[in-house]
Amino acid sequence: MHADSHWNGHRPWLAFGGMLISNTLCLFLGAAWLALLIGVEQAIVAGVAPFLVGAVLKAGLGALTLKLMTRGAKRDVR
């Protein structure tokens with residue numbers, strides 16, 4: 001099995017999910033750090049909530065781009 005066997009444009013939902021998980025991790029770590037400075041509630045309101053829609057859009061556009069880049073490519077079936 002090679003690195004791109006499952007993370008390719010033939011499985012855009014898997015790529016979308018991976019990108020969302022990555023964005024969630026970044027937002028969580030940023031919110032944890034910000035919470036130490038301004039409190040948990042303010043960290044969520046100011047450091048997480050404004051970026052949620054962008055995170056979903058970014059993941060969607062990334063998965064769509066990956067799908068379009070592999071359009072017409074043969075699928076490696078093993």
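This is a predicted model: local features need pLDDT of at least 70, side-chain atom pairs count only at pLDDT 80 or more; totals for chains, interfaces and linings use all residues.

Me: Why is T70 called buried?

Reply: Its relative accessibility is 18%. Buried means under 20%, so T70 counts as buried.

Me: Where does T70 sit, and which residues does T70 contact beyond its neighbours in sequence?

Reply: T70 is in the segment after α3, the helix of residues 52-69. Leaving aside neighbours within four places in sequence, T70 is in contact with G9 and H10. T70 and G9 are 61 residues apart in sequence, yet their C-alpha atoms are 5.4 Å apart in space.

Me: What makes the approach of the T70 side chain to the backbone oxygen of K67 a polar contact?

Reply: A polar atom of the T70 side chain lies 3.2 Å from that K67 oxygen. The cut-off is 3.5 Å. The backbone oxygen of L66 also lies 3.2 Å from a polar atom of the T70 side chain.

Me: How many aromatic pairs does a search of the whole structure find?

Reply: One. W13 and F16 form that pair, with 5.8 Å centre to centre and 85° between the planes.

Me: What makes the pair of W13 and F16 edge-to-face?

Reply: Ring centres must lie within 6.5 Å, and planes over 60 degrees apart count as edge-to-face. The W13 and F16 values are 5.8 Å and 85°. Both conditions hold, so the label is edge-to-face.

Me: Why are W13 and F16 about one helical turn apart?

Reply: They are three residues apart in helix α1, residues 12-38. An α-helix has 3.6 residues a turn.

Me: What do the buried residues of α1 pack against?

Reply: They pack against α2 (40-47) and α3. Among these buried residues are A15, N23, L27 and A35.

Me: Which residues of α3 are buried, and why are they said to line one face?

Reply: A55, A59 and A63 are the buried ones. Seen down the helix axis, they fall within an arc of 65°, so they line one face of α3. What covers them includes α1. On the other side of α3, V53, L57, K58, L61 and M69 are exposed.

Note on methods:
Residues are numbered from 1 along each chain as its sequence is written. Side-chain values use heavy atoms; hydrogens and water are left out. Helices (H or I, at least four residues) and strands (E, at least two) are DSSP runs, numbered from the N terminus. Buried means under 20% relative accessible area, exposed over 50%, partly exposed in between (1.4 Å probe, protein chains only). A polar contact is a pair of N or O atoms within 3.5 Å; within protein, one must be able to donate a hydrogen and the other to accept it, and residues adjacent in sequence count only if both atoms are side-chain atoms. Contact means heavy atoms within 4.5 Å. Rings of Phe, Tyr and Trp (its six-membered ring) pair if their centres lie within 6.5 Å; planes under 30 degrees apart count as stacked, over 60 as edge-to-face and the rest as tilted. The arc is that of the directions from the helix axis to the C-beta atoms.
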